[in-house]
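Visitor: Hi, I'm new to this one and would like to be walked through it. Could you put it up on the screen?
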Amino acid sequence: MEYIYAALLLHKAGKPINENDVKAVLTAAGIDVNESRIKALVAALDGVNIEEAINMAAVAPVAAVAATPAAAAAVAVEEAPVVEEKKEESEESGMAGLGALFG
């Protein structure tokens with residue numbers, strides 16, 4: 001994760017995302033650098049529009065959150081009758097226990 005953070009930091013600063021710069025950021029943060037992970041990151045980001053990827057990632061959770069209340073409401077409607085039946089059963093059994101005490 002810290003490798004991705006380093007790349008995002010470089011992007012935000014307007015610096016090129018290359019092996020030397022990613023390594024410099026990670027080293028400055030006190031992280032033990034794995035050269036192969038840096039190479040893999042730089043290769044994976046080659047040709048990627050980072051700004052577009054960030055914008056798409058920011059929109060995806062909003063869509064998921066907007067869909068969640070509708071899905072939760074549907075589940076609540078389906079579960080509501082079951083919950084009420086359980087309450088009635090527990091009330092009846094509780095009353096029978098109290099009735100036995102008083103007679």
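This is a predicted model: local features need pLDDT of at least 70, side-chain atom pairs count only at pLDDT 80 or more; totals for chains, interfaces and linings use all residues.

Visitor: OK, so with that, at what angle do α2 and α3 pack?
Guide: Their axes are 9 Å apart, and the packing angle is about 125 degrees. That makes α2 oblique to α3, and the crossing of the two is right-handed.

Visitor: Which residues meet there, α2 against α3?
Guide: From α2 come Glu-19, Val-22, Lys-23 and Leu-26, and in α3 they meet Glu-35, Ile-38, Lys-39, Leu-41 and Val-42. Sorted by class, this contact of α2 with α3 has five nonpolar residues, no polar ones and four charged ones.

Visitor: Let me step back a bit. How many helices and strands does the protein chain have?
Guide: The protein chain has four helices and zero strands, so that the pattern read along the sequence is α-α-α-α. Of the 103 residues in the protein chain, 10% are buried.

Visitor: Which residues of α1 are buried, then?
Guide: Helix α1, which spans residues 2-12, has Tyr-3, Ala-6, Ala-7 and Leu-10 as its buried residues. Looking down the axis of α1, you would find these within an arc of 95 degrees, so they line one face of the helix.

Visitor: Why would residues a few places apart point the same way?
Guide: An α-helix has 3.6 residues a turn, so residues three or four places apart point the same way.

Visitor: And what does the face of α1 turned away from the buried side carry?
Guide: That face carries the exposed residues Tyr-5, Leu-9 and Lys-12. As for the buried residues of α1, what covers them includes α2 (19-28) and α3 (35-45).

Visitor: How do α1 and α2 cross?
Guide: The axes of α1 and α2 come within 9 Å and cross at roughly 110 degrees; the two helices are therefore roughly perpendicular to each other. The crossing in which α1 passes α2 is right-handed.

Visitor: Who meets whom between α1 and α2?
Guide: On the α1 side there are Glu-2, Tyr-3, Ala-6, Leu-9 and Leu-10, which meet Asp-21, Val-22, Val-25 and Leu-26 in α2. The residues of this contact divide into seven nonpolar, no polar and two charged.

Visitor: Back to α3: which of its residues are buried?
Guide: Ile-38, Leu-41 and Val-42 are buried in α3. Around the axis they cover an arc of only 95 degrees, which puts them on the same side of α3, whereas Ala-43 and Ala-44 on the other side are exposed. What covers the buried residues of α3 includes α1 and α2.

Visitor: New topic: where does Val-33 lie?
Guide: Val-33 lies in the loop between α2 and α3, and with a relative accessible area of 27% it is partly exposed. Not counting residues up to four places away in sequence, Val-33 touches Tyr-3, Lys-23, Leu-26, Thr-27 and Ile-38.

Visitor: How far apart are Val-33 and Lys-23?
Guide: They are ten residues apart in sequence, and from C-alpha to C-alpha they are 6.7 Å apart in space.

Technical notes
Residues are numbered from 1 along each chain as its sequence is written. Side-chain values use heavy atoms; hydrogens and water are left out. Buried means under 20% relative accessible area, exposed over 50%, partly exposed in between (1.4 Å probe, protein chains only). The arc is that of the directions from the helix axis to the C-beta atoms. Contact means heavy atoms within 4.5 Å. Axes are lines fitted to C-alpha atoms, for helices over the stretch in contact, and angles run from 0 to 180 degrees between N-to-C directions. Angles under 35 degrees count as roughly parallel, over 145 as roughly antiparallel, 65 to 115 as roughly perpendicular and the rest as oblique. A crossing is left-handed if the near helix is turned anticlockwise from the far one by less than a right angle, and right-handed if clockwise. Ala, Val, Leu, Ile, Met, Phe, Trp, Tyr, Cys and Pro count as nonpolar, Asp, Glu, Lys and Arg as charged, and the others, Gly among them, as polar.
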